[in-house]
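Subject: Handing over the two-chain model

Hi,

Here is the structure I promised to pass on. Have a look at it first, and then read my notes below.

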Amino acid sequence: MLSVDTTQLLKGVLDLAVLAVLRDDDGYGYDILRRLRTAGLTEIGDASVYGTLRRLFAAGYLTTYVVPSEEGPHRKYYALNPAGRTQLKQGGDVWREFASTMNTLLREPA
Amino acid sequence: MSEQVEIAQYAAQVGAALADLPEQARNDLLEDLPAHLAEVAAEIEAEGGGATLTERLGPPSAYAAELRATLGHTGGPSRTFAWAGRAVSRVRARWSGLDRRLGPVIGYARLGEFLALLRPAWWVVRGWLAAMLVAQLWRDGDGLGLLPRFEGSTVLGLLVLAVFVIGSIWLGRRTAAAPPTRRRDRVALGAVTAVVAVFGLGLWVAADDRLMGSFWRESSPTSWAPDPYQQVNDIFVLGPDGQIIQGARLVDQDGSPIVLGYCAQRFGWEGPNGGGRGWEWRVVYPSCPDLTAPQLPWVAVSPEPLPWQTPAAGVPSAGPSPSGTPSPAVTPSVTPSGTPAPLPSPSR
C-alpha cells in the first residue's frame, strides 16, 4: 500500500532542512528544532533533529562551540563550515530540480 | 526525581536501546545527548515546568528508534547486522571480565596489560613466520626446517629472515603509534596477519609431529621393519639360460617401471632431460656401469633351454661350447618333460 506522510518525506531531506536553518544563524539543538517547527515542519521530532546534527557534525559539515549560560546549562552551538555550505548548495539544487519534476508529474489536469 | 538524575536515566536508557550499533556511530550519537536533554529540560522549565522528559520527548525507546532512523535513511540496521553487533558486544563484555580476573593471577592489573608487553615479541615472530611462509612458497614445499632457506642456501635464508623481522618490527612500531587510517589498509593488515597466524599454527603442528616421530609412523607404517631392498645396489636379470640379460627393464603389475638400486636411482635423477616419469623408462639393468657381475656358481648347473632356442638350428646352448658330447637333439624343446639336455658345467 502506498502511504506517504510528512515524516516519511522528511527523512530524505532532513539533512538539507537542518543545513538550511543554519545558513544565516548558528544555533543550539533545541533552538534549531524550534526554527524548523516555526518554518512549518511541525511533525519533526527532537531525536531526529538531534541525531541529524550529530551525524552532520561527524560527517564534517558542521563546527561546534559552547556558549556558557548564566542560567541553565551551557549550550552547544552548531555552525555551517565551508563543506556544509557546499553541501547545502548542492543539496538545494538537487531538491529544486526534484521538486519541479514532482510538481510537473502531480499537476492536476486543467 | 531531580532534573540531573532524570536526564542521566533517560540518556542511559536511550544508549541501552542503541547497544547494537557500532561503537563509533553510537558514541557519535550519544556524546552530546545529556547536554541536549539539559537544554530540553531548561525549555520545559522556561515554559512553566511540570512536564517530564518522557512526557515531552516520548519514551526513551521511541527516542532511540528515531535517532536510529537519522543514522542513514534506511530506517536502522538489518537484523543480521544487529545480531552481529550484539554478539560483538557480548564477547567484548566477557573479555573485559576475563581481562580483569586473570590479570592479578600473573601479577598485572589486567591481562591485556601483560599482552601489550608481548607485542614486540609478536612482531619478531611475525617476521620469522612471514619469511618461513615465503621460503615455503618459493620451493614447492618439500622439507620443512626452522630457518627459511632459499635454493638450499642458509645464508640467503638468514638474510631474508633479517629483512622480514626488521620490516615486521618497523611495521609494528608504526601501527602501534598510529593505526592505519584507511579502512582498506586495516583490512589488508588484518588479512595478512590472519594468514601468517594460520601458517604459524600449521608450522607448529607439523614441527611437533615430526619431533614426536608420528610423521614417519603415519606416512610409512612398515618403517620399523627393515627395508628388504635397502642393500640393493644393482639388479641383474638372468634369463632361463642363466645368462645376464643386458639392458633389461623391470615393470610392476601395472606396467610402471620399477626403479631399484642405488645406481638406477642416482643415475636416473641425474639422467638427461630431468625428472618426471620419463627418466624411469630410461633405467635399464644392470644400471651401475662399473659394477662387476656377481659370481653365480649355481646358475649354470642346470639352465633351462631357452624357449626360443631350436636345437635343430645347431646351437646346442648359449653357454660356452661343452667339452663333452653335444646333447643329442632327440627331444626338442617342445617336449621339455623329457630328460633335459645335460649340459656340462661351462667354465666361468
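**What I found**

Let me start inside chain B: B:Leu133 sits in helix α8 of that chain. (Helices here are DSSP runs of H or I with at least four residues, strands are runs of E with at least two, and both are numbered from the N terminus.) Before going on, please keep in mind that this is a predicted model, where local features need pLDDT of at least 70 and side-chain atom pairs count only at pLDDT 80 or more, while totals for chains, interfaces and linings use all residues. Residues are numbered from 1 along each chain as its sequence is written, and chains are lettered from A and ligands numbered from 1 in the order in which they are written.

Back to B:Leu133. The cut-offs are 20 or more other C-beta atoms within 10 Å for buried, 12 or fewer for exposed, and in between for partly exposed, with C-beta atoms placed from the backbone. Setting aside residues up to four places away in sequence, B:Leu133 touches B:Val196 and B:Phe199; a contact needs the C-beta atoms, placed from the backbone, to lie within 7 Å. B:Leu203 is 70 residues from B:Leu133 in sequence, yet their C-alpha atoms are 9.3 Å apart in space.

**The annotated stretches of chain B**

An unreviewed UniProt entry carries the annotation "transmembrane region" for residues 120-138, 150-171 and 187-207 of chain B. Those positions are in the numbering used here, feature names are shortened, and annotations may be inferred rather than shown by experiment. In the model, residues 187-207 of chain B are 100% helix and 0% strand, with end C-alpha atoms 30 Å apart. For residues 150-171 of chain B, the figures are 82% helix, 0% strand and 24 Å between the end C-alpha atoms.

Helix α9 of chain B covers residues 154-177. From first C-alpha to last, the 24 residues of α9(B) reach 34 Å, close to the 34 Å expected at 1.5 Å a residue; the expected span is 1.5 Å times one less than the number of residues. B:Gly157, B:Val160, B:Leu161, B:Phe164 and B:Ser168 are buried in α9(B), and α8 (119-138) of chain B is included in what covers the buried residues of this helix. B:Leu156 also lies in α9 of chain B, but B:Leu156 is partly exposed, with 14 other C-beta atoms within 10 Å. Beyond its neighbours within four places in sequence, B:Leu156 is in contact with B:Phe150 and B:Glu151.

One more detail from chain B: the peptide bond from B:Tyr285 to B:Pro286 is cis, with omega near -5°. B:Pro286 is placed in the segment after α13 (278-282) of chain B.

**Chain A**

Chain A has four helices and three strands, and along the sequence they follow the pattern α-β-α-α-β-β-α. The strands form an open sheet in the order β1-β3-β2, with antiparallel pairing; two strands pair if DSSP finds at least two bridges between them. β1 (27-28) and β2 (62-67) of chain A are the edge strands, each pairing on one side only. Of the 110 residues in chain A, 30% are buried. Helix α4(A) is hardly covered, with two buried residues among its 25.

**Where the chains meet**

How many residues of chain A are in contact with chain B? There are 20, and they meet 18 residues of chain B. α3(A) gives the most to this side of chain A, with nine residues.

pLDDT is the predictor's confidence in each residue, from 0 to 100. Chain A has a mean of 85, and 92% of its residues reach 70 or more. Chain B averages 74, with 70% of the residues scoring at least 70. Residues 313-341 of chain B stay under 50. Where pLDDT is low, the predicted coordinates should not be read in detail. For the complex, the predictor gives an ipTM of 0.80 and a pTM of 0.40.

Cheers

Methods. Two residues are in contact if their C-beta atoms, placed from the backbone, lie within 7 Å.
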